[in-house]
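Please read the report below with the sequence and the model side by side, and find each residue in the structure as it is named.

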Amino acid sequence: MTDAPVITAPAATWPAAVLAVVGAGPRATGVLERIAANAPELWDGRPLHIHLIDPHPPGPGRVWRHEQSPLLRMNSMAEDVTMFTDESSVIDGPVRPGPTLAEWAAQFSGGDVRFAPYAEPADPDVLGELRELTGTDFATRRAQSAYLDWVFRRTLTELPPYVTIEWHRTTATAVTGTPDGPQQVHLADSATPVEADLVLLTQGHLDAVPDAGHRKLTRFARRHGRFHLPPAFSSDVDLSALRPGETVILRGFGLAFVDLMVLLTEGRGGTYRTEADGSLTYLASGHEPVLYVGSRRGVPYHSKTRYQLQGPRPPLPRHFGPDAVDALLALGRPLDLRRDVWPLMAKEIGFAHYHELFHAHPERTALPWPEFLAAYDRLGWYSDEMTTLVARAVPDPADRLDFEALDRPLDGLAFATPDAFQEHLRDYIAQDVARREDSAHSADLGAFLALLSVYGQLPRLVDSGRLTARSLAEGLDGWWHGFFSFLASGPPGFRLRELLALSRAGVVRFLGAGLRVGTDEDSGTFTASSPTVPGHTVTATALIEAYLPGASLGRTEDPLLRGLHRAGALSEEVISDSTHTHRSGLLTVTTDGASHVVDPTLGGPHPRRIALGAPTNVRGVAAFARPRTNAPAFRQNDAAARALLRALSAGRGEDLDPTGAGPVTSWPPPGRVLSE
């Protein structure tokens, strides 16, 4: 996209209301779509001008922009990616269905044309991919970029004629203005700020200045002429300094590692050959470094499933829904995630797992479903009675759900030699890929759907202030986030087959669990070891932190948020109790649906500044979603859009009420303190 998208409104005598949106990626597009959907009910027809401020193209934004390696792919199937509400969406505004990525792509191969006309992508490779794309394919990020561009352009056509959109292809550097007056959004390329009645912050995932530990490693690398890469977005990093054959330690085994693996192998000219048995052989280009990878678990994220449910969709939620959350809050005491909440979460995930097993694969069960369910509903997840019930009803242990075994598959294992561990982990990975591509194990997909449902219920608990600080720090933001990502946010199966080929070729070597990374001043090298292979230490001339930057308002590279933080005009989420204080690094917003930025200088919410998405304390809400899951992002977008329309309709210079129903939510809730 080269031209600023502008919709011209008809002349009007009323003064225009003005909204400035900082960040123009999928989150901003989702809010604009909800503004278009809700405006007929909530807007009075006077002009509304919206400024979009982002150096990257509206729609895709930075993360999904076209200008990145064509080798990088999504980790969701094309039929599981949508930007649109559907019949499952529990929202106050109107539901406006739209196509998934797969449904939209079908028009280019002569399929469904309900969503045309749309100009063909200029990139012939993307167009060719879209013409061949099936629902179970994992599209390139460039294909997703084209979809997001189309969603944005369609949204523009659906906005009422009195709404105008103006794109500023630059960076917002600051926002100023009093709480009772217009806000000025300052731009990197202009001395004249954008003036707006309200400011919406939707910057998405942010870069961060390395922390003290990473800065120390970088100084070591510079001192010895070595290479150290702190946490970063893989598609943006410069890897050219890594030499062919150089030994590189990668700390992290998730999606960032997979991207780096691709860029350092195929991205350097390597190719794969498919053998008669379906396995892959890697044909090296000679330009690859040698990659040694390890992490806390020591294994890659589980492969994504590539099949549909074989039985009826499990009715979720059942054991961890609004009623269960109400009951937890009614206890009237601090809640511990592991003791009070996790058993209900586990039972919900188990319910969906066994619902699919009993309905789709009854030959592998030994009780009628109604009999099993009646007992299951009344038993605690970790009770002896539940263990007995499952053992009696599900004869094969491979069909039973064991979270502890899933979470730490290398616990208690030690290998005498590195080669013995390579063989073990290759077998583990091969079994995982086979299971996730075999619909005989579709119970795994039932569990996955329940994981999404569980995630959608957690914000209420967090917002209540009842979870202990330790539960948030070590439980929700620590163990649970990692466990969810490990089970539900892994790579496509073909990436793990490529990993197996790279391992057999000696380009990738596995280090193990509990990875320990150090430095050796005498040799000027990095070191890595793991209790998985006792006594074995790898030395390397390069170290890559193969994971994304963590949330940190104090270290963010976003100039607008950094400036507000230094001025004390926004609050980092801080959870305190009698024994622990947890600083999450996330931007605190209100939980009344309007998501107003909490401003410590005001002692509460800023009436004219709103924030949505990744940097905020509304956790785990992706900008797009799987269809028919009542996606939290769509609920949040709808609530925020309705609040924005109500607030803007109050008029310039008036006291902007975010809900139209009285003052904003009192602040802070129990257990919260404002950072200074």
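**Salt bridges**

The model is a predicted one, and the structure holds 33 salt bridges. Three of these pairs are set out in the table, each with the distance between the nitrogen and oxygen atoms.

| Pair | N to O distance |
|---|---|
| Arg-364 and Asp-399 | 3.0 Å |
| Arg-509 and Asp-419 | 3.1 Å |
| Asp-444 and Arg-436 | 3.8 Å |

In the salt bridge between Arg-364 and Asp-399, the closest N and O atoms are 3.0 Å apart. This pair links distant parts of the chain, for Arg-364 sits in the loop between helix 8 (337–360) and helix 9 (369–378), while Asp-399 sits in the loop between helix 10 (384–393) and helix 11 (403–407), 35 residues apart. Is Asp-399 buried or exposed? Its relative accessible area is 5%, and because buried means under 20%, Asp-399 counts as buried.

The side chains of Arg-509 and Asp-419 also meet in a salt bridge, at 3.1 Å from N to O.

In the salt bridge of Asp-444 with Arg-436, the closest N and O atoms are 3.8 Å apart. Asp-444 counts as buried at 12% relative accessibility, and Arg-436 counts as buried at 10%.

**Aromatic rings**

A pair of aromatic rings is described by two quantities, the distance of the centres and the angle of the planes. A search of the whole structure finds 31 aromatic pairs. One of them is the stacked pair of Tyr-147 and Trp-150, with 6.4 Å from centre to centre and 25 degrees between the planes. These two residues are 3 residues apart in helix 4 (residues 141–158), which means that about one helical turn separates Tyr-147 from Trp-150. Both Tyr-147 and Trp-150 are buried.

Phe-253 and Phe-257, by contrast, form an edge-to-face pair, with 5.0 Å from centre to centre and 85 degrees between the planes. Phe-253 is buried, and Phe-257 is buried too.

Arg-297 lies over the face of Phe-486, at 4.3 Å from the ring centre, and Arg-338 lies over the face of Trp-479, at 3.8 Å from the ring centre.

**The second largest pocket**

The second largest pocket has a volume of about 660 Å³. Which residues are the closest to the centre of this pocket? Of the 22 residues that line the pocket, they are His-302, Ala-398, Leu-406, Arg-435 and Asp-444; Asp-444 is also the residue that forms a salt bridge with Arg-436.

Helix 8, helix 11, helix 12 and helix 13 (443–464) each supply at least two residues of the lining, and helix 12 gives the most, with 5 residues. By kind, the lining residues of the second largest pocket divide into 13 nonpolar, 3 polar and 6 charged.

Notes:
Residues are numbered from 1 along each chain as its sequence is written. This is a predicted model: local features need pLDDT of at least 70, side-chain atom pairs count only at pLDDT 80 or more; totals for chains, interfaces and linings use all residues. Side-chain values use heavy atoms; hydrogens and water are left out. A salt bridge is a side-chain nitrogen of Lys or Arg within 4 Å of a carboxyl oxygen of Asp or Glu. Helices (H or I, at least four residues) and strands (E, at least two) are DSSP runs, numbered from the N terminus. Buried means under 20% relative accessible area, exposed over 50%, partly exposed in between (1.4 Å probe, protein chains only). Rings of Phe, Tyr and Trp (its six-membered ring) pair if their centres lie within 6.5 Å; planes under 30 degrees apart count as stacked, over 60 as edge-to-face and the rest as tilted. A charge sits over a ring if NZ of Lys or CZ of Arg is within 6 Å of the ring centre and within 35 degrees of the ring normal. On a 1 Å grid over the protein atoms alone, a cavity is a set of points where a 1.4 Å probe fits but cannot get out, and a pocket is an open set with protein on both sides within 12 Å along at least five of seven lines; lining residues have an atom within 4 Å of a point. Grid points are joined across faces, edges and corners, and a volume is the space filled by probe spheres set on the points. Ala, Val, Leu, Ile, Met, Phe, Trp, Tyr, Cys and Pro count as nonpolar, Asp, Glu, Lys and Arg as charged, and the others, Gly among them, as polar.
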